[in-house]
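Dear colleague,

I am passing on the structure below, together with some notes on what turned up in it. Please read the notes with the coordinates open beside them.

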Amino acid sequence: MKIIMDVKLKNFEDEINRTILVDDNLCLRVFCEALIFSMNGKIRHDYNIKHKDKTFFSKGHKIKADKEYLISHRKVATFKLQKEDKIILKYDSNCNWEFIITIKDFVEESTNKLFTILSGIGKGIIEDCGGIWNLEELVYGEPDIDIIKWYIDKDDLEYDINDFNINKLNNKIDELYNN
């Protein structure tokens, strides 16, 4: 079974979002990492995912969770999702990126891809920029580049919120996660 999901970056819901198609047999770790990657993340930090009363943590998470709460070897189907259910994926506890995922539909698809971006807008996050507040400053304000350049990658200094290339992202996701 494939699941259509809408994903929005909290506080940037209109500017940065994706609609994705996900196989419910996809490993939760791969789901989280592909989703973070699709939002311009580089998977350098811890993350956790929550649906209703279940929260699972990445292996490197600062909270040393019992093995039963680790993402490893769990499938998306673990959540027993229904239409309009919400999932929260939190990435990088220092920057506190939060992705709000809404289940839109279930479809029978013959594609062998486990994760595909169907549509989207906005480039996504900037790794290590200091979180949503600094992203707002970079996008809408006049940031102090001399300070920012010390903690973000050089290629992110030229950040353009409208730089979204679905083909490039899907090709990279295919290479990393759909093989």
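Which residues does K2 touch, not counting residues up to four places away in sequence? In this predicted model, K2 touches L21, V22, D23, D105, F106, V107, E109, T111 and K113. K2 is found in strand 1 and, at 4% relative accessibility, counts as buried, because the cut-off for that term is under 20%. Its side chain has a polar atom 3.2 Å from the backbone oxygen of T111, and the backbone oxygen of K113 lies 2.8 Å from a polar atom of the K2 side chain.

Turning to the sheet, there are seven strands in an open arrangement, ordered 4-3-5-6-1-2-7 and paired in the antiparallel sense. The edges are formed by strand 4 (54-57) and strand 7 (115-121), each of which pairs on one side only, and the twist from one strand to the next averages 20°. Strand 3 (residues 47-51) is joined to strand 4 by four bridges in an antiparallel pairing, with I49 standing opposite F56 of strand 4. Helix 1 (residues 28-38) packs on this sheet, where it touches strands including strand 1 (2-9), strand 2 (17-23) and strand 6 (97-107), and its direction makes about 110° with that of strand 3.

Helix 2 (residues 132-140) has I132, L135 and L138 as its buried residues; these cover an arc of only 120° around the axis, which puts them on the same side of helix 2. The face turned away from that buried side carries the exposed residues W133 and Y140.

Conventions
Residues are numbered from 1 along each chain as its sequence is written. This is a predicted model: local features need pLDDT of at least 70, side-chain atom pairs count only at pLDDT 80 or more; totals for chains, interfaces and linings use all residues. Side-chain values use heavy atoms; hydrogens and water are left out. Two strands pair if DSSP finds at least two bridges between them. Helices (H or I, at least four residues) and strands (E, at least two) are DSSP runs, numbered from the N terminus. Axes are lines fitted to C-alpha atoms, for helices over the stretch in contact, and angles run from 0 to 180 degrees between N-to-C directions. Contact means heavy atoms within 4.5 Å. Buried means under 20% relative accessible area, exposed over 50%, partly exposed in between (1.4 Å probe, protein chains only). The arc is that of the directions from the helix axis to the C-beta atoms. A polar contact is a pair of N or O atoms within 3.5 Å; within protein, one must be able to donate a hydrogen and the other to accept it, and residues adjacent in sequence count only if both atoms are side-chain atoms.
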